[in-house]
Amino acid sequence: MERTVLTVQRTASRATLAFLSIGLLAIGCGLSGSNPASSPGPSPATSASPASITPRSSGVPSASAALTPSPQPSAGPAGPPSLAEPPAASLGVEGGDAVAGQLGSFTWQNGGSDSPWLDGSPIHVGPGERLTLTLPAEVGVANWTAGRVAPGNRDGSGAVGMGEGSSGPVAFDAPPRGAWSVNVNVWFSDNRGSAAYYWLVSVD
Amino acid sequence: MSASIRFSLPGRRLSVRWLASALAAIVGLLAAAGGVTAHGPDPLVGSGRWNQDQALAFRWRTGYVPTSAIQVAIRNAAAEATATRASQAASFAYNTAGANLIGYGTGATCGVNGLACFTRTPTSSFTMWLREQGHVYDWGTLKWCQAYSTPPSGCYDAENIALDEFGHVEILDHHVNFSSESDYGDAVVQTKSRTNPIAGWNRHAFGRCDVATLQVQYDVRTWTAKYSTCLSLATTLGLTSNPSHVASGGTVTVTATLKVANDSSYVRLALNPLSGRVVTLQRSPHGKNAWATVGTMTAGSTAGTYSRAIQLTAATDFRAVFATPTDEGLRAATSATVVVAVP
């Protein structure tokens, strides 16, 4: 019982500081991301400064490692080379080890692949903790959404929204207690493509 | 950098009032910056476009020919992409001599989790792959609905999936849904395709937000064509009178010109003339600002023009009005006032 109380106190403090950090970071970056919704018509994806992405915390793969694409199956003797993939993304909480997400649907470099909603890479977090996505600094975020379903849901139908934004940083609160398949969709700036990342989030 | 923005207040706790003020300031700044995801036309995959109405013929990749049922689904999807693009985007059709290859089976280069994938190299070529029926992934076994006489629950409609891929080939990236995905029906080009029997699993036409981007990038087909309701384009309305003054009892012809506004984000739609719309003429005794509707103006001889002849006995102010239509993505416009003097 005593341990639980301590965990909650520490979590609340970390969450508060993380939130304030994100807010001040946004202020520091001049809130330069434009809002496509305010534009009268279709507009290209907005360009987000790499600095607007939440800085990498300890335990997160380096940028060079993050840009390494996932292993691909053989294309077969008569097939073309495997598709280029977008950079890896990691999800973590302040002070915790970030976990690379499972890549689902994506577009990247004039190619792309479509996948179902995946269960995702396992990660354990505490209730109320702030989850922050980390991408290599070389890519900016034009739009993002986050949602959750029960594990095993392949359509994403009935998904519960957890957050969205038109620039980085990508951060949102942990879901309620239980196990959830959490999806973060990222549209990269400068029309570089998009990616769906997944985590199997256990909230203890 | 992360270390530099961490708070370090040893031995002190932040007061509730201070925190509330800080949070209010942050929320206010975020609101001012418009930090909300857009719900609008699909984003773009890269920047390359096909030529307007470029005909893209495809054939089956040697050694990876789809089953007959999947062939039908892909051909249908090509026809649907062509028929529902509502723009001058590229068209698709099967041809045994087609330069673009579509494959099916174990050679698919779709990554470890992919159902289907594509590459595009405008204005040269594209490729497409669909995984084979029964492919085993970590997440389950692929079931194409076309492989069954009665599509089972959880199967993917190959026609819908192929239409999604054709949309990518055109230039469309995945639609930015609300995080709840409540607007899923606005696009076929989706990050997650749905399975039977979830709503949208067998949709066989581009959605309005797919079409919106195709129109912006490739232009509409005619000046009377409707603009996608996923757009919200500003319009301009000019007005002239011929002659500019007339003797009492004389007749003038008032002509309005309706166009899409000149906005760089409209790309190919900027300054398009708008024909076949309803433009209303209003009049007022000169200088009185007491507007009354004269009636609907009739289509002129030039695209986007509307005219009406009217007999005058006194100086009159005219203006034209285009009301926001309910069936397309155009916004209202009112012309400047034109004064016709009657000496």
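B:Thr255 is buried, with 20 other C-beta atoms within 10 Å. Buried means that 20 or more other C-beta atoms lie within 10 Å of a residue's own; exposed means 12 or fewer, partly exposed is in between, and C-beta atoms are placed from the backbone. B:Thr255 sits in strand β7 (residues 251-260) of chain B. Leaving aside neighbours within four places in sequence, its contacts are B:Thr240, B:Asn242, B:Gly300, B:Thr305 and B:Ser307. A contact needs C-beta atoms, placed from the backbone, within 7 Å. From B:Thr255 to B:Lys143, 112 residues apart along the chain, the C-alpha separation is 60 Å.

This is a predicted model: local features need pLDDT of at least 70, side-chain atom pairs count only at pLDDT 80 or more, and totals for chains, interfaces and linings use all residues. Residues are numbered from 1 along each chain as its sequence is written, while chains are lettered from A and ligands numbered from 1 in the order in which they are written.

The pLDDT is the predictor's confidence in each residue, from 0 to 100. For chain B its mean is 90, and 89% of residues reach 70 or more. Residues 1-38 of chain B have pLDDT below 50.

Now to a helix. Helices (H or I, at least four residues) and strands (E, at least two) are DSSP runs, numbered from the N terminus. Helix α2 of chain B covers residues 68-83. Its buried residues are B:Ile70, B:Ala73, B:Ile74, B:Ala77, B:Ala78, B:Glu80 and B:Ala81. They lie on the same side of α2(B) because they cover an arc of only 165° around the axis. The arc is taken from the directions from the helix axis to the C-beta atoms. On the face turned away are the exposed residues B:Ser68 and B:Ala83. These elements of chain B are among those covering the buried residues of α2(B):

| Element | Residues |
|---|---|
| β2(B) | 91-94 |
| β3(B) | 100-104 |
| β5(B) | 125-130 |
| α3(B) | 158-170 |

The largest nonpolar core has 78 residues. Such a core is a set of buried Ala, Val, Leu, Ile, Met, Phe, Trp, Tyr and Cys residues joined through C-beta atoms within 7 Å. Among the residues with the most contacts inside it are B:Ala77 and B:Leu130. A second, separate core of 42 residues includes A:Leu135 and A:Val170.

Chain A has an open antiparallel sheet of four strands, in the order β2-β1-β6-β9. Strands pair if DSSP finds at least two bridges between them. β2 (99-100) and β9 (171-173) of chain A are at the edges with a single partner strand each, so one side of each lacks a neighbour in the sheet.

Note on methods
Contact = placed C-beta atoms within 7 Å. Expected span 1.5 Å × (residues − 1).
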